[in-house]
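Here are my notes for anyone opening this one for the first time. Keep the structure beside you and take the points in order.

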Amino acid sequence: MTKVVPVANAVSQIEDGAIVTVSSSSTLGCPDAVLAAIGARFGAEGHPRNITSLHPIAAGDVYSVKGMDHLAKDGLLSRVLAGSYPSGPSSVEMPEIWKMITEDRVAAYNVPSGIMFDMHREAAAHRPGVLTEVGIDTFVDPKLQGCAMNERGAASSIVKRVQFDGKTWLHFPNVVPNVAIIRATTADERGNLTYEHEGAYLGGLEQAICVRNNGGLVIAQVKRVTANGSLRPHDVRVPGHLVDCVVVDPDQKQTTETPYDPAISGEIMRPWDSFSLVDHGVEKVIARRAAQELKRGMTANLGFGMSAMVPRVLLEEGHPDAVTWAIEQGAVGGVPLTGFAFGCASNAEAFMPSPQQFIYFQGAGFDVSFLSFLEIDVAGNVNVSKLGKKPYLTAGCGGFVDITSKAKNIVFSGWFEAGAKINLSDDAINIEAPGKFTKMVDEVEHVTFSGKRAREQGQNVIYITERCVIQLTDSGLLATEIMPGIDPQTHIVAASKGRVQVAENAKVMPKDLLSKTTMGLVL
């Protein structure tokens with residue numbers, strides 16, 4: 001008997017008040033046809049009502065795949081917990097989910113992605129929730145926002161501080177899903193799933209186990225169906241006994257604006273010279289300095305933004321595989337992609353399920369993490385998760401809090417000032433006009449990274465900007481390296497209103513960083 005059904009039949013089984021967990025990362029792995037069908041059913045029938053949706057990583061984007069926006073309807077969605085949300089530039093319209101959040105029409109929470117996966121594991125095993133140090137002294141901590149994104153969220157706490165074995169922990173009681181919506185490439189009629197065209201496994205298996213163990217409904221969206229017995233057992237990532245319904249969408253995209261690229265799914269390997277390099281400019285200079293923190297043989301984590309340029313710097317310098325990159329969607333090795341394909345990698349050596357990748361991150365098994373920042377305060381705190389004036393310009397914390405919780409070495413990259421007029425030559429970075437405002441503030445709007453906790457744990461933290469490299473010290477932010485052409489007192493101390501001081505022994509960085517040709521990086 002086949003499990004393949006029309007999508008309307010599958011979503012008709014979702015009851016009012018359901019807790020629905022969705023496997024996705026923007027458009028990567030997004031079961032958009034199923035989410036669209038839920039929205040359509042609600043429009044026609046007024047059901048399902050008052051659901052809670054769980055998204056370890058965002059579902060959909062702001063360009064062509066609506067994802068979680070299909071659920072963003074009054075009466076349909078009452079609560080949402082997500083590691084990240086669809087984000088984009090101010091030139092695109094604010095997603096419906098963000099309108100609901102900012103207008104306080106839904107109880108909304110931003111929960112670190114790794115903790116979201118942990119929640120599924122604990123609920124699957126019927127253990128009493130997640131006990132973790134991830135997020136202490138950040139916005140995740142109930143001392144601050146406790147993950148709440150608006151008043152409705154704050155009215156119902158999802159996390160508390162507890163003492164156990166002489167230490168402080170954060171406890172997330174179980175939020176038990178009874179519907180899972182996951183995606184794969186191929187299903188047989190029994191519901192066995194393979195992922196050969198996917199750029200990541202994400203957390204579909206763990207989400208399906210969690211729902212199955214709690215007597216719920218598992219819906220899988222796939223690109224195609226094959227006969228029973230035609231799938232190799234080693235290729236099956238989600239076995240059919242965990243799946244109730246299979247729906248087919250032959251047009252599902254591999255990732256945003258990419259219908260299908262076999263290099264993303266690891267079916268072919270691209271020549272190294274086929275990857276585009278970073279255009280010459282100030283951001284490339286910052287990425288070059290970040291790359292100098294690497295040594296051959298390291299394993300490095302990589303985040304969105306300016307830091308995503310670092311692998312391309314290594315390519316240009318002739319070190320395409322000197323470092324093993326590990327990203328939260330699960331790719332290990334190869335070259336992490338940028339732009340719309342961020343979260344994927346070409347020439348990967350392996351794909352890890354995201355929940356296991358986050359165990360690796362939370363335990364700090366890697367050597368260094370390259371991340372970006374929106375603003376830094378005098379305590380070394382970093383905000384990447386909230387912009388009050390334009391909230392959807394950031395996706396939220398994603399895996400940032402999990403990654404930085406214990407990381408031995410963290411390299412943050414970003415602009416010292418916003419909107420400064422800068423002229424870049426082979427000899428100097430020249431500040432021709434000051435920016436609109438400094439990114440160095442007295443107090444960040446949202447504590448995504450705690451400088452205090454980093455100092456207590458002995459983490460090595462630096463912040464790389466277009467003007468200097470800043471060290472996090474017990475006495476504050478200290479510029480220890482100065483970009484050529486930068487006047488320390490004018491462009492750093494005064495520009496930051498004294499929030500960044502300059503070390504007496506600060507050195508000027510080599511001009512090779514500014515070169516239009518390769519800088520001669522040695523690993």
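1. Let's begin with a pair of strands. Strand S3, residues 77–82, pairs with S4 in the parallel sense, and 4 bridges hold that pairing. If you want a spot to look at, find Ala 82, which has Asn 110 in S4 opposite. Keep in mind throughout that this is a predicted model.

2. Now zoom out to the sheet around that pair. It is an open sheet of 7 strands with parallel pairing, and the order reads S4-S3-S2-S1-S8-S11-S14. Which strands stand at the edges? They are strand S4 (107–110) and strand S14 (245–248); each has a single partner strand, so one side of each is left without a neighbour in the sheet. On average, neighbouring strands here are turned by 15° against each other, direction ignored.

3. Inside the order, strand S9 (residues 186–188) and strand S10 (residues 193–194) run antiparallel and are joined by 2 bridges. Ala 187 is the residue standing opposite Leu 193 in S10.

4. For a hairpin, go to S6 and S7. Strand S6 (residues 160–164) and strand S7 (residues 167–172) run antiparallel, with 5 bridges between them. Phe 164 has Lys 167 in S7 as its bridge partner. The hairpin has 2 residues between its strands, and Asp 165 takes a positive phi near 55° there.

5. Next, the nonpolar interior. As background, nonpolar side chains tend to be buried together in soluble globular proteins. The largest nonpolar core here has 68 residues, and Leu 294, Phe 370, Phe 412 and Tyr 463 are those with the most contacts inside it. Helix H7 supplies the largest share of this core, 6 residues. Apart from it lies another core, of 38 residues, including Val 179, Ile 219, Val 247 and the Ala 82 from my opening point.

6. Tyr 463 deserves a click of its own. Leaving aside neighbours within four places in sequence, its contacts include Ile 376, Val 382, Phe 412, Phe 449, Cys 468 and Leu 477. Gly 380 is also one of the residues in contact with Tyr 463.

7. On to charges: the structure holds 28 salt bridges. One of them joins the side chains of Asp 137 and Lys 452, at 3.6 Å from N to O. This pair links distant parts of the chain, 315 residues apart: Asp 137 is in the loop between strand S5 (130–132) and helix H5 (151–154), while Lys 452 is in helix H11 (residues 451–457). Are these two buried or exposed? Asp 137 counts as buried because its relative accessibility is 12%, whereas Lys 452, at 41%, counts as partly exposed.

8. Lys 452 has a further partner. Glu 456 forms a salt bridge with Lys 452, and their closest N and O atoms are 2.9 Å apart. Both residues lie in helix H11, 4 residues apart, which is about one turn of the helix. Glu 456 is exposed, with a relative accessible area of 51%. Through shared partners, salt bridges join Asp 137, Asp 141, Lys 143, Arg 161, Lys 452 and Glu 456 into one network.

9. Compare that with Glu 481 and Arg 289, whose side chains meet in a salt bridge at 2.8 Å, N to O. This pair also links distant parts of the chain: Glu 481 is in strand S32 (residues 476–482) and Arg 289 in helix H7 (residues 282–291), 192 residues apart. Both Glu 481 and Arg 289 are buried.

10. Last stop: Thr 394, found in the loop between strand S23 (382–383) and helix H10 (400–404). Thr 394 is buried, with a relative accessible area of 7%. A polar atom of its side chain lies 3.2 Å from the backbone nitrogen of Gly 396. Beyond its neighbours within four places in sequence, Thr 394 is in contact with residues including Ser 87, Trp 98, Leu 374 and Lys 386.

Notes: Residues are numbered from 1 along each chain as its sequence is written. This is a predicted model: local features need pLDDT of at least 70, side-chain atom pairs count only at pLDDT 80 or more; totals for chains, interfaces and linings use all residues. Side-chain values use heavy atoms; hydrogens and water are left out. Two strands pair if DSSP finds at least two bridges between them. A salt bridge is a side-chain nitrogen of Lys or Arg within 4 Å of a carboxyl oxygen of Asp or Glu. Buried means under 20% relative accessible area, exposed over 50%, partly exposed in between (1.4 Å probe, protein chains only). A nonpolar core is a set of buried Ala, Val, Leu, Ile, Met, Phe, Trp, Tyr and Cys residues joined through side-chain atoms within 4.5 Å. Contact means heavy atoms within 4.5 Å. A polar contact is a pair of N or O atoms within 3.5 Å; within protein, one must be able to donate a hydrogen and the other to accept it, and residues adjacent in sequence count only if both atoms are side-chain atoms. Axes are lines fitted to C-alpha atoms, for helices over the stretch in contact, and angles run from 0 to 180 degrees between N-to-C directions.
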